[in-house]
Each structure stands twice: as C-alpha cells, then as structure tokens.
Amino acid sequence: MNIAETSDLWWKTAVVYCLDVETFFDHDGDGTGDFGGLTQRVDYLAALGVNCIWLMPFYPSPDRDDGYDVTDFFDVDRRLGTLGDFVEFIRTAKDRGIRVIADFVVNHTSNQHPWFVEARKSVDNPYRDYYVWRSDPPPDTSSEVVFPGEQTSLWTQDDATGEWYLHMFMEHQPDLNVTNPKVRNEIAKAMGLWLELGLDGFRLDAVPFFLETRGAPKDEAANIDPHDYLSALRSFVNRRNGSAVLLGEVNLPYKDQLEYFGGAEGNELNMQFDFMSMQHIYLSLARQDARPLAETLKTRPRLHPDNHWAMFVRNHDELTLDKLSDGEREEVFAAFGPDKNMQLYGRGLRRRLPPMLGGDADRIRMVYSLMFSLPGTPVLFYGEEIGMGEDLRQKGRAAVRTPMQWNDEKNGGFSSAKASELVVPLPRGEYGPEKVNAASAKRDPGSLWNFMATLIQRYRESPELGWGEFAVLEQSEPAVFAHRCGSPEATVVLLHNFGDEPVKVTANVGSGDSPRRAFRNAMLLDLFDGGNVPLEADGGFTLELGRYGYRWFRVHRPGDRLAP
C-alpha cells in the first residue's frame with residue numbers, strides 16, 4: 001500500500017486532537033485560555049504525534065453554551081485573542097506539519113447575534129427570514145427536546161411580536177433558516193474567510209438539525225433539498241481548498257448516516273463520527289464481551305472511497321448511549337456511572353475514561369489501542385493522553401471541560417491568575433493536577449502519554465488502517481475482538497481482550513478463499529514489543545493475550561521489505 005498514492009486524502013490517516021482554546025493554556029494571565037497560549041503549546045502536540053487540531057468554537061459569544069452560541073461568524077472572541085493571534089497560531093501549526101479544522105455552527109446563533117436582534121423587531125424586518133417563525137401556537141414538542149429537563153419545547157414565544165421562533169437546542173439559540181439563500185450566502189462567506197486564513201476544514205455541529213426545514217416558509221422549503229445544500233457546502237469548501245474536510249456530527253443509525261455521506265456519490269460529508277461503534281464499545285466493556293462491538297461493526301456499511309469514519313471514546317459532550325436499548329444502557333450505567341450525578345439526560349455519562357475504568361492502566365491502554373486500530377480516523381479529546389478525569393462538581397457537560405493540566409504547580413500550570421478567576425475550576429483529588437499532569441507524564445517512560453505517543457506512531461506507520469478492507473476474524477473467545485485491515489499485499493491483524501483473564505486465541509488471517517498455501521513461511525510481525533507469531537500455511541495462528549491484552553501485527557511473507 002503506497003502512501004504516496006493516497007496522501008491527498010490526508011484525513012483518512014490523520015490523528016485529530018480536539019481542544020477548547022479557552023481551557024487549553026492561558027498566555028496573558030487573565031484566567032482564560034487564548035490563542036497566544038495555544039501557539040506556545042503547538043510543539044507539545046507535535047511531539048505527541050498529532051497532525052490535525054480540531055478547535056471548538058472560538059467566535060464571539062456570550063458563552064452560555066461554551067461558544068456554540070455565536071454572535072459573529074467572522075471574528076475571534078476577544079477573550080481568546082485577535083484575528084492576528086489566530087493567524088499566528090495557524091502559521092505555527094502548519095510549520096509543524098499540523099492541519100487545523102474548526103467547529104462551525106450552522107444550525108443556530110445566539111439570541112444576541114445582530115441578525116436576531118434585528119429579526120425580532122418586527123415581522124417585516126429584513127432579517128426576519130434569517131430565522132424560523134410561526135404566528136400560530138405550536139404543537140406540543142416536549143418529547144423532541146434535545147436537553148430534557150432544561151427545555152420543554154422547540155418553540156419560544158417572543159414578546160416583541162408575539163410570534164414563536166424555532167430552537168432545536170436552547171431557547172437562547174434560535175435556529176437559522178437555511179432555506180433562505182441570504183443565510184446560505186452568509187454561511188459560505190464565513191467559511192470562505194476561515195479557509196482563506198488557513199483552516200483545512202470544519203467540524204459541522206448537529207448536521208441533521210441544521211438540515212431540518214420545519215417551520216420554514218413553504219415556498220422557500222420547497223426550493224431546496226437539505227442534502228443538496230450539504231453537497232453544495234462540500235463543493236464550495238473544496239473549491240476554496242481542494243483538500244479541506246467536512247467532519248459531521250450525525251448521531252443516527254448507520255443506514256441513515258449513509259445519506260449524509262451523499263450515498264453512492266459520497267459528495268456530502270467527508271467524515272462522520274461513528275456513534276454506533278462508540279456506544280457498543282462501552283457495552284462490550286461493561287460485559288467484558290467483545291461480541292456487541294463485533295456484531296455492530298459487521299453491520300457498518302461500505303463507504304465511497306472518499307468517505308471515512310471518525311473513531312472516539314470520549315468527546316466534549318455527554319457520552320451518549322442513546323442507540324443502546326434501555327436494558328443495555330442500564331448495564332453501562334451500572335458499570336461506569338452508577339451515581340445519578342455521573343449520568344446526564346438519562347441517556348449518557350458525563351465522565352472521562354480513566355475514572356470510569358477505575359484507573360486500571362491495562363484496561364485504559366487496551367481501549368485506546370482498540371480505538372486506534374479500528375477502521376476510521378482516531379479523534380482524541382484534550383487531556384486524554386495524560387489520563388485526565390472529570391470534575392463532577394461542575395454542571396452538565398462542563399464536568400469534562402476542565403482546564404488542561406500542564407504541571408503540578410499553581411492552577412496546574414494552566415494560568416497564572418487567581419484560582420477564583422479561572423474560566424473553569426480545576427478538578428481536585430486523585431485526578432487533580434498534583435497527580436495527573438503533562439510534565440510528569442512526558443518524563444515517565446511508562447506513562448500513558450508515552451504509550452499514546454508510541455500508539456500514534458504505530459498508527460501512522462499502518463496506512464492499512466485507513467485504506468484497507470476491514471473484516472472481523474472469527475475465533476471462539478467471547479472476550480476477544482480480532483480483526484484485520486488491508487489487502488492481499490499489505491495487511492495488519494489486531495487483537496484485543498475485553499476480559500480481565502488471560503486467554504488463548506486461535507484464528508485465521510485468510511479470507512476463507514485464500515489458497516491453502518498462501519501463507520507458507522509467513523509470520524505475524526509484532527508492531528509493538530511482543531514476539532512474532534508464525535503463521536500456518538493456510539493463515540492460521542494461535543497466541544495468548546493477557547488480561548485486557550492487545551496485539552498489533554503485520555502479515556510478513558519471505559521477501560517482503562521491512563520498514564526501518
């Protein structure tokens with residue numbers, strides 16, 4: 001498999017690192033992270049092996065929803081710096097070979113956005129149709145709200161005109177009317193600005209919601225197919241930057257996700273997060289049984305070659321479990337979030353992985369090895385590389401959005417400000433910065449940070465994971481997930497033990513229709529520090545996995561050239 005022939009689709013073998021500028025590193029000492037601080041930490045990310053940074057929203061905002069309530073799509077929030085600071089960060093990242101993508105919120109704005117301030121003045125205001133309104137009382141939509149317990153309807157009556165406006169999320173986030181060509185033009189202009197300033201693409205927030213046309217004027221809704229609009233966005237972005245990527249948040253079953261890729265043409269989203277696999281990873285972990293994950297991945301549809309999945313075990317939102325059955329979800333809650341304070345909206349967890357797994361280093365490493373080994377682009381949330389925990393004193397999703405822990409000094413090295421001035425308090429106790437921080441982790445050869453750096457290196461050396469054909473390997477151990485990625489010319493074989501007991505695994509790397517002597521004198525070449533495993537002539541092999549063990553191999557035949 002020749003990387004030179006496939007490197008134009010850089011994101012198929014990227015390592016993405018998601019961070020929030022305001023909680024990463026504070027340069028000017030005001031208690032809030034900023035672009036000046038992030039620029040100083042680019043070398044840290046380069047050393048880890050990251051080659052794509054995903055920025056959470058950095059646009060001007062009242063910050064009622066961690067920046068997802070935008071008041072200006074064309075600028076940087078002054079708390080975080082200036083456009084000049086942003087450009088200097090982009091230049092520094094690109095100098096280290098790191099691309100940058102950013103969240104872009106197409107579904108809604110803040111109710112303080114100038115467009116909405118104007119829109120609510122009168123029913124004939126020029127900006128009125130930038131949003132979705134209705135003059136008659138709306139039906140009961142309490143069962144459709146995204147944040148149960150915080151919202152009771154998708155519609156809120158505005159005192160100024162007496163009409164109701166649509167908000168699929170919070171009432172302070174009115175939905176944009178994307179059927180309005182003026183709105184679509186503004187979105188394109190904003191995306192164009194950031195692409196000109198150096199971004200390599202966007203993570204699109206809540207894609208199914210912004211393609212929702214309910215409540216829009218019938219004549220406008222009839223003139224646009226939502227998926228045509230998504231395809232047009234992809235086309236626009238690629239005209240401005242031919243290698244730019246659109247990574248979409250689409251939490252739907254696989255068959256529905258295919259529509260957002262653009263079906264057989266693959267001309268809408270480049271990538272989507274694999275929520276189905278993520279949720280079944282946690283079910284498999286709770287049961288110490290790999291079969292829920294294996295069966296889920298067997299149903300994952302084949303994609304257009306230009307499309308890809310994004311793999312994750314943690315992100316900035318709640319760890320949603322909404323695609324599991326009620327009984328399955330309760331199993332995961334019992335294992336990893338037994339206290340109600342650890343759960344959110346009755347459908348997810350507000351915890352980070354290390355505390356959920358009781359700090360078990362073997363189990364934590366197995367999970368990250370699994371994430372990097374699955375066919376898709378691995379996405380890390382800041383702090384995962386050092387094993388940060390959550391702070392359950394914080395409200396809702398803020399529990400996992402605490403400041404990055406750089407060292408064991410004041411404020412964990414995040415800021416020189418007074419503790420009371422920090423944008424978010426730091427956690428205390430077992431996962432506080434005194435015990436979990438980047439400086440100590442980098443100096444410790446046996447740390448999670450150094451394991452993660454090695455894991456990233458092995459992933460980057462294994463393009464089969466991004467480009468090869470995926471298949472689950474049949475074997476008899478319920479706790480073991482075994483799979484391969486590749487082609488007859490280049491194949492990696494990967495095994496992971498979800499159980500806390502050692503197991504002996506017997507499997508076959510062949511496809512079932514391989515010639516019986518296709519693997520004569522071949523071996524499984526270990527990609528970490530274990531021993532090589534000889535293959536039988538038909539591709540069969542036997543090996544042992546320790547408790548929560550994992551092995552990465554490349555099929556090596558006599559005469560194959562080894563990488564240095």
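Start by selecting helix α14, residues 361–373, and helix α16, residues 448–460, which pack with their axes 10 Å apart at an angle of about 20°. Angles under 35 degrees count as roughly parallel, and α14 and α16 are therefore roughly parallel to each other. Their crossing is right-handed. Bear in mind as you look around that this is a predicted model.

Now show the side chains where these two helices touch. On the α14 side, pick Ile 364, Arg 365, Tyr 368, Ser 369 and Phe 372; they meet Leu 448, Phe 451, Met 452, Leu 455, Ile 456 and Tyr 459 of α16. Color that set by class and you get nine nonpolar residues, one polar and one charged.

Which residues of α10 take part in the contact with α11? Show Met 276, Ser 277, His 280, Ile 281, Leu 283, Ser 284 and Arg 287, and you will find them against Arg 291, Pro 292, Leu 293, Thr 296 and Leu 297 in α11. The contact of α10 with α11 has six nonpolar, four polar and two charged residues.

Time for the barrel. Select the strands β1, β2, β3, β7, β8, β9, β10 and β14: in that order they make a closed barrel of eight strands, with parallel pairing. Follow the strands around and the twist averages 25° from one to the next. For a look at one pairing, zoom in on β1 (residues 16–19) and β2 (residues 52–55), which run parallel and share four bridges. Click on Cys 18, and its bridge partner in β2 is Trp 54.

How do the axes of α5 and α8 come together? They come within 10 Å and cross at roughly 30°, which makes α5 roughly parallel to α8. The crossing of α5 past α8 is right-handed. To see the contact, show Arg 184, Ile 187, Ala 188, Met 191, Gly 192, Leu 195 and Glu 196 in α5, together with Tyr 229, Leu 233, Phe 236, Val 237 and Arg 240 in α8. By class, these residues divide into eight nonpolar, one polar and three charged.

Zoom in on β11 and β13 (residues 348–349), an antiparallel pair with two bridges. There, Leu 319 stands opposite Leu 349 of β13.

Move along to strand β19, residues 523–526. Two bridges join β19 to β20 (residues 533–534), and the two strands run antiparallel. Together β19 and β20 form a hairpin, with six residues between them. β19 also pairs with β22 (residues 550–556), again in the antiparallel sense, over four bridges. Click on Met 523 to see both pairings at one residue: its bridge partner in β20 is Pro 534, while in β22 it stands opposite His 556.

Finally, zoom out and color by domain. The domain assignment gives domain 1 as 8–55 + 81–104 + 181–460, domain 2 as 108–175 and domain 3 as 468–556. How far apart do the C-alpha centres of domain 2 and domain 3 lie? The distance between these centres is 55 Å.

Methods
Residues are numbered from 1 along each chain as its sequence is written. This is a predicted model: local features need pLDDT of at least 70, side-chain atom pairs count only at pLDDT 80 or more; totals for chains, interfaces and linings use all residues. Side-chain values use heavy atoms; hydrogens and water are left out. Two strands pair if DSSP finds at least two bridges between them. Axes are lines fitted to C-alpha atoms, for helices over the stretch in contact, and angles run from 0 to 180 degrees between N-to-C directions. Angles under 35 degrees count as roughly parallel, over 145 as roughly antiparallel, 65 to 115 as roughly perpendicular and the rest as oblique. A crossing is left-handed if the near helix is turned anticlockwise from the far one by less than a right angle, and right-handed if clockwise. Contact means heavy atoms within 4.5 Å. Ala, Val, Leu, Ile, Met, Phe, Trp, Tyr, Cys and Pro count as nonpolar, Asp, Glu, Lys and Arg as charged, and the others, Gly among them, as polar. Domain bounds come from an automatic or database domain assignment.
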